[in-house]
Structure formats: structure tokens, C-alpha cells
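This report looks at one strand with its neighbours and at one pair of helices. Please have the sequence and the model at hand while reading.

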Amino acid sequence: MPSAVCGGLAGSELRHRRGRGGPQAARAAVPEEAAEAAAQNPKRPAPGSRPSEAACRWVLLALVTLLAFATRFHRLDQPPHVCWDETHFGKMGSYYINRTFFFDVHPPLGKMLIGLAGYLSGYDGTFMFQKPGDRYEHHNYMGMRGFCAFLGSLLIPFAYLTVLELSKSLPAALLSAALLTFDTGCLTLSQYILLDPILMFFIMAAMLSMVKYNSCADRPFSAPWWFWLSLTGINLAGAIGVKFVGLFIILHVGWNTVSDLWRLFGDLSLSLVTVGKHLTACILCLIVLPLALYTAIYAVHFAVLNHSGPGDGFFSSAFQARLSGNTLHNASVPEYLAFGSVITVKNLRMAIGYLHSHRHLYPEGIGARQQQVTTYLHKDYNNLWIIKKQNTDSDPLDPSFPVEFVQHGDIIRLEHKETSRNLHSHYHEAPLTRKHYQVTGYGINGTGDSNDFWRIEVINRKFGNRIKVLRSRIRFIHLVTGCVLGSSGKALPKWGWEQLEVTCSPYLKETLSSIWNVEDHINPKLPNISLDVLQPSFPEILLESHMVMIRGNNGLKPKDNEFTSKPWHWPINYQGLRFSGVNDTDFRVYLLGNPVVWWLNLLSIALYLLSGSIIAVAVQRGVHLPAEVEGLSQVLLQGGGQLFLGWALHYFPFFLMGRVLYFHHYFPAMLFSSMLTGILWDTLLRLCACGLAASSLASGVHMGGVLSLLLGTAYSFYLFHPLAYGMVGPLAQDPRSPMAGLRWLESWDF
């Protein structure tokens, strides 16, 4: 039996290393099993006496890393214009350099690192990043692209080391590295100012740290054990700090940790104190440390972005008060709302704006022909309202009248300051939203009817019954119809100046669209206080920023002329994304996975499920397997199982998401499927070799198979590399095109 080919990892070695039999048992087992392996195969040296193999590993790692950097940095300056989402993330890097506040649906770490790379490389943050195709001219963009390419290059050595640790097989590690090196999709994503290479870097770093930590199981609480465990936690914080999909690698590490702790708990040779120490170490390094780092990321984010910018309107008035240059910053207003106050009222739902009215009427056929009431995102005099009592025309600002504060449950009128019409509702249907009532401005000089009366309710009454500027969350309940004032968020037609519809909803459920806060507040009878004392605490702004990001993610819509995709499209490489150019005169870059790599990965997933099921059934039924086959089976089930779990966790959750999805969302899962492919084919070829009597023939089958896969992958990269590095000239249907004959699917739009 050709054990030199078959014995990629002895089954007993893997079982001892993962079985957690205690440090002493593990140390005792390793020499015994090495001696046993040497006795069974005298021609094969014991594992501890193979320095040449270790040197070979390091040489291959160096070559793999060199090739990765060469492919990622080749033609990095091309094209010298904005491509695809560089218009977003390059612009956000500029915001960090200029300390200008902005809003994005992703956590801040990736954009902060892009901004830092730009700053350190001499970029001054003045380029506008307005739209794809804008030329960079004299602006230094290479630092930001180079940073992303650097992290994208490290994915390949990380994959090599991860597979080597899981399989103990150099051919498997080399094949996995080659699949990622020669994938045109990974290459394209790594060469531009995007979050994807940063996210994938932290995901792969977390995976490598986890498997390295697992390999130290026989040396618990040693320096390497603590190092890899802590590094795993750091990388988890990095992954979730770039995009929320970093949660998937957290779930992966969490499952691995819980499984290990459960195995330790069942090891009766360990005391409960020792198990408790393991549990405490995992909590500290994998929960407390990542949470602390994640919180620190936001602390830096808020400290750097302290100037008013395009993101102000997405956040609450209290949040805006902390931004230098915002009208609320360092402002002084009365603290509590009183009758006679002139106020602006802001909706708490993201990007809805201020309660607004103007002299224009609703057109004929749209409810009652009365004054329009809308919401408006910008500061304006038409946002001002006077809060008055229910049934009195006396002036509450008269010095002879005492100050009367507005409280929870009071019946009020809101009079529009510019037009002297009252906020009004009735049973006419709203302009756009069915079963909601119309809201209008009604009356003359503040005199109207009973449909002008509203009951004010305070949602968060931690400040008491009074209404506190910026902080109190309030609702307006219409007294006659019982409906609640809110905004649907729908844009009115041109007759409504494309402002947003305000309705009165008969459905009284508390939603952000029906909750408001008082922002501006003018009352000469009340003393002013600085808004600094009303600014939210760090935990409050941290919570608010997450709520805004979650709502923003759920509300994402596709850009104009952009192809979205469905998750089932991704593994089959059904459709790519245009990064740059459309016509034959343009510099064209097209995001598409190398079809040979992607379809091989898809085949490998199917083969893994089949072969893994067969092996699992055989083991469960007690079928006796030769030692070499048993060792390879354990590699496939345990090492391959880790990678299959990573692929599944990074892929299947997208089927449950309601937001718009794009092809590039699959690439983290693709990393795991490529590593699984390396382990699977190396293991299958070794198993085939085990059935051959001649050692030379067995080695030939194994190495020939691996070499064929490597050469086929490299040749397919040669064919499809123009998609990543860019091309000018005839389109694919023209015989003169470098992509002629390579449009294998009609859905490939290059």
C-alpha cells in the first residue's frame, strides 16, 4: 500500500489533536504514534525529522505570496478613473480626511482604513468621486488602491496556510492557493477602492487564527494558544467592523468554540475548574475583546467625523447637535416646550425630514382642496409652527400670562407660522396612501374647526410629562378621527414639489414614521440653555447609528442601469458586474469569476456532500477502513467540514434577506469553496492512489491529477484575464476581440 501518497494525515493524529484528552495524554500520544507510523513504513521518516518538508512549505508559501502580489499589483493604476463603487468608498475616505460627517449602511472600519491609507500616501481628500468614469487627473489614488490590493493579496497565503493546517497536505494547500490566485473575480475586487478585500482579509484572518488555535489544543494556556485565540477575537472585530455580514464568520467561530467546549466538558480527565478556565478564556478573547474593539472603532469614528456633512439629516436632532457647523451645534434654546413657542418638528424615520407646509393647495380630485402639508428634508421658514391651546385665541406670549408648559396628554393646535393655517385632518383619503386620512392646513389667522385639535403623547417619558427639546419622542393623535400623524415616505408628484406625503394613519401602532421630536424652539418668556447639555451619551449615539444603518440596509434600492442578482445565480457564475466601460472605445473591466474555478468549486461541493455522506455512513456502521483511508477520511470530514460550514454560513443567509443583492456578495463564500476544492481533490486523488499496488504509479496518479488541475486553472486565467485587467477594442461577439469565443453564457454581458 503506497502510504507515502495516502497518508496525508494519520487518522490517529487528527483524533488525538482534536480529542482533547488532556495535555499529558496528548504529549504521550504523539511520540507513540510517530513511532508506530515509522514502524509501519520504514522508508518514511518520522514526522518530527523532516526539515526538508518544512523548508518546502516555506518556499512554496513565499512563491504563492509573490505570485499573489504580482497578479494583484499588475496594472493597478489602470484605469485612471473612478470605477463602480469607488465613487462611494473613495468619497467616504475623503470624508475621513476632511473630518466631514456622512452616513453609510456599513460599519466604519473599512472606510476609516481607506481614508487612512489615502492620508498616509499623500492624498489630500479634495477629489469629488462624483460618478464612475471621472478621471483622477493629478490626485493620488494609488495609495487607496494599493492598500486594498495589499489586503487582497494576503488572501492567497492565508488560504494556503489554512488548508495546510487542516489537511497537512502541501498539494491541497497549493491547489487552494492557485484557485484563488487565478480567479479573475477575486483579482478584480482586490484592485479597486472597495470594502470587499478588507472584509475578506478579516474573514480569512479569523479562519486562519481559528484553525491555528485548534492546532494548539494539546498545549492549552501556552503563549501560542493565547496568541491565536486573541488574534481570532481581533479579526472577528475587524470583520464585523467592515460589514455586518462579518457576523457569519462570528457564527462559524462560535460554533467551533461551542463544539470544543462541549468536548472538553465531556472529558472526565479534566476538572470542572479547568473547563471553567477554558470557558473564561473564550469569553474574554472571543466576546469581550471583539466587543471592546468594535466599540472603540465607533469611538474613533465619532471623534474623527465631528464636522457637519451630508449625513446629518439621517440622524436625530440631538445627534446633530454634536457636529461642528450644524445649526444646532453650540445653539441655545429653551429646554421645555410651552404654549406660544415657535418650533420645528422632525420625524424620527430616516430621511423623512421636518413637518412642512406652504401656500400651495392640493389639486382638484385630491381630497379637500386645502393647503398642502408635507415633510421636507431641509431647513426652511415653512417648517415653523406655533403651538397653541385648544380653544383660546389669547396670546400665550403676553407677559401678563404665566408660562404654561405643554405636557403629555394636552390637547393642542399647531398653527403654521408663515400662513396662519392650522394643522388639520379629516376623513378624506390621503393623496397616495390608501386607508390613511389627508392632512392639510386649514383656517384663517388661526381660526378653524374641531378637526384642528390634536392630543400630544410622549413616548419616552423618562423626562416626566413635560416635552424636552431634542430628547422627547412625541406623537400627535387627531382628536376627531383618532388617527396618528405620520409620513408615508412617498414622494408627491410635481404638484407637491416632490416633497414627502404626510398622512393621518388610523393604525395606531408605534412606528418611527409616526414619532417626532421638537428641534428648533423659540420662546422669549423662557430661559435658554445650551444644547450641549442635551447631547446624547456615547451609548445612545452608538445605538442610534446602528438603528439608522439597519434601516438603511433594509431600504437599499438598485442604482440606475445596474444589474442586481439572486443568490442562486452566484455559484454558477451566471452574471457579472460592469466595473468600467460599455462601448468598444471604453476601457472595460467586468467582474466575473473564472468559470473553470467557479464550476470546479460547484462540482466539488456536490462531490463533497456525496463522498462525505458515504464515508460518514461507513464509519457509523463500523466498516473497517485501512489506516491510510481512515486518516484521509478524517481529513475530509473534519477539515473539509470546517470549510463547508464556512461556505454555507456565508451563502445561505442571503436567501433570507429582503434587501437588494449583488454578485459580489458571494465572494466570501467563494473563498471557502475554493479551499474545500483543494482539500477534496487532493483527498480523492490520494484515495484513488491507495487502490494502486505500485508506489510509483500511485504517486503519478496523485501528482498528475494535482498538476492537471493547476495547469488547467492557470490556462483558464490566461484566457479570461482581460476581464480583470481591462480591455479596449472590439466587443466579445467580434472575432478580433480578446474575449472572442469565450462568452460561454448569454447572461455574461461583456
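Two residues are said to be in contact here when they have heavy atoms within 4.5 Å. The structure is a predicted model.

By that rule, helix α11 meets helix α13 through W225, W226, L229, S230, T232, G233, I234, L236, A237, I240 and G241.

## How the helices cross

Helix α11 covers residues 223–242, and helix α13 covers residues 272–304. Their axes lie 8 Å apart, and the helices pack at an angle of about 35 degrees. The crossing of α11 and α13 is right-handed.

## A covered strand

Is strand β12 mostly covered or mostly uncovered? Strand β12, residues 500–505, is mostly covered, with six of its six residues buried. Buried here means under 20% relative accessible area.

## Partners of β12

Strand β11 (residues 484–491) runs antiparallel to β12, and five bridges join them. Within this pairing, A491 has L500 of β12 as its bridge partner.

Strand β4 (residues 371–376) also pairs with β12 in the antiparallel sense, over two bridges. There, T374 stands opposite E501 of β12. Strand β8 (residues 437–442) pairs with β12 over two bridges, again in the antiparallel sense. In that case Y437 stands opposite C504 of β12.

Technical notes: Residues are numbered from 1 along each chain as its sequence is written. This is a predicted model: local features need pLDDT of at least 70, side-chain atom pairs count only at pLDDT 80 or more; totals for chains, interfaces and linings use all residues. Side-chain values use heavy atoms; hydrogens and water are left out. Buried means under 20% relative accessible area, exposed over 50%, partly exposed in between (1.4 Å probe, protein chains only). Helices (H or I, at least four residues) and strands (E, at least two) are DSSP runs, numbered from the N terminus. Two strands pair if DSSP finds at least two bridges between them. Axes are lines fitted to C-alpha atoms, for helices over the stretch in contact, and angles run from 0 to 180 degrees between N-to-C directions. A crossing is left-handed if the near helix is turned anticlockwise from the far one by less than a right angle, and right-handed if clockwise.
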